[in-house]
Amino acid sequence: MNKVCFSYHNQEKYVLSNISLSVQKGEWIAIVGHNGSGKSTLARLMNGLLTTDQGTIKICGKTMTEDQIWDVRKHVGLVFQNPDNQFVGTTVQDDIAFGLENRGFDRETMVNRIGWAVNQVKLSDYLNQDPHQLSGGQKQRLAIAGIIALKPDLIIFDEATSMLDPSSRGDVMTTVQNLKNQGLASVISITHDLEEASMADRIIVLNQGEIIMEGSPQYVFQHNDMLKDVGLDIPYSLKISNLLKRNGVDIKDVHLTTDGLVEELWTLKSQT
């Protein structure tokens, strides 16, 4: 993506302004920002649901143009906030089969890919279940299965966990992490949840349609004041770490998880 600008209905003010970013093969990028910062617009541009006013988007060497948009879309999968909006089949396996059938895969390939996909998201026991009877986390994992069965090079999660309870959110993020660790696809997660973003390789911070910061989670979370200024809440483990430091506890690391903080506190205790 190079110097992309976008506005709705030809409005004078850009929703996204001069956005340039690249995603490496196998990389997980989290794009964070408050509501209205342009995150979801960015996701739709990368999937060809919207077209740029200025700048270019290139996926797997193919430029997103009117002539090539359908070829480019074969490389990109998009998982939305509400999985119910994506279901078209009466059973789990029918829903996954829909996309494969549209791409013209033969029956044997479809059966193999469905079996592989449900195994990846731990839904093998629900093949004949009505998707609408699944739990929230299971629904989102089914939406992921429908995407990965097509084996795209890039999967975009657009606020995909925002409607889930903590347990279901954890299940979905574990699935995402496994996909990334297995090298099955590059991942972009669009979110305002910095706990979720802390799992990524790189974080891009959007504010008012512009990239204001980019780097590893450790780097980004060192800029607490800037994150707070743009309406983002730092992870709980980092809040506790900062509070302990202010009260004289010698916390050295930037802790992105509670487990990491507990481990360092336990080490400190054993040394006293």
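Reply: The questions and answers below set values against definitions.

Reply: This is a predicted model, in which local features need pLDDT of at least 70 and side-chain atom pairs count only at pLDDT 80 or more, while totals for chains, interfaces and linings use all residues. Residues are numbered from 1 along each chain as its sequence is written, and side-chain values use heavy atoms, with hydrogens and water left out.

Me: Why is threonine 175 called buried?

Reply: Buried means under 20% relative accessible area, exposed over 50%, and partly exposed in between, with a 1.4 Å probe and protein chains only. Threonine 175 has a relative accessible area of 7%, and is therefore buried. The residue is found in helix α6 (residues 166-181); helices are DSSP runs of H or I with at least four residues, strands are runs of E with at least two, and both are numbered from the N terminus.

Me: What does threonine 175 contact, leaving aside its neighbours within four places in sequence?

Reply: Contact means heavy atoms within 4.5 Å. With those neighbours left aside, threonine 175 is in contact with Gln120, Val121, Arg141 and Ile144.

Me: What makes β3 and β10 a parallel pair?

Reply: Two strands pair if DSSP finds at least two bridges between them. Strand β3 (residues 28-32) and strand β10 (residues 202-207) have four bridges and run in the parallel sense.

Me: What makes aspartate 84 and lysine 139 a salt bridge?

Reply: A salt bridge is a side-chain nitrogen of Lys or Arg within 4 Å of a carboxyl oxygen of Asp or Glu. The closest N and O atoms of aspartate 84 and lysine 139 are 3.2 Å apart, and the pair is counted as a salt bridge. Aspartate 84 lies in the loop between β7 and α3 and lysine 139 in helix α5, 55 residues apart. Lysine 139, at 13% relative accessibility, counts as buried, whereas aspartate 84, at 27%, is partly exposed.

Me: How many salt bridges are there by this rule?

Reply: The count comes to six. One of them joins aspartate 201 to lysine 180, at 3.3 Å from N to O.

Me: What do glutamate 214 and arginine 202 tie together?

Reply: These two residues form a salt bridge, with their closest N and O atoms 2.4 Å apart. Glutamate 214 lies in strand β11 and arginine 202 in strand β10, so the pair ties together parts that are twelve residues apart in sequence. Salt bridges that share partners join Glu27, Arg202 and Glu214 into one network.
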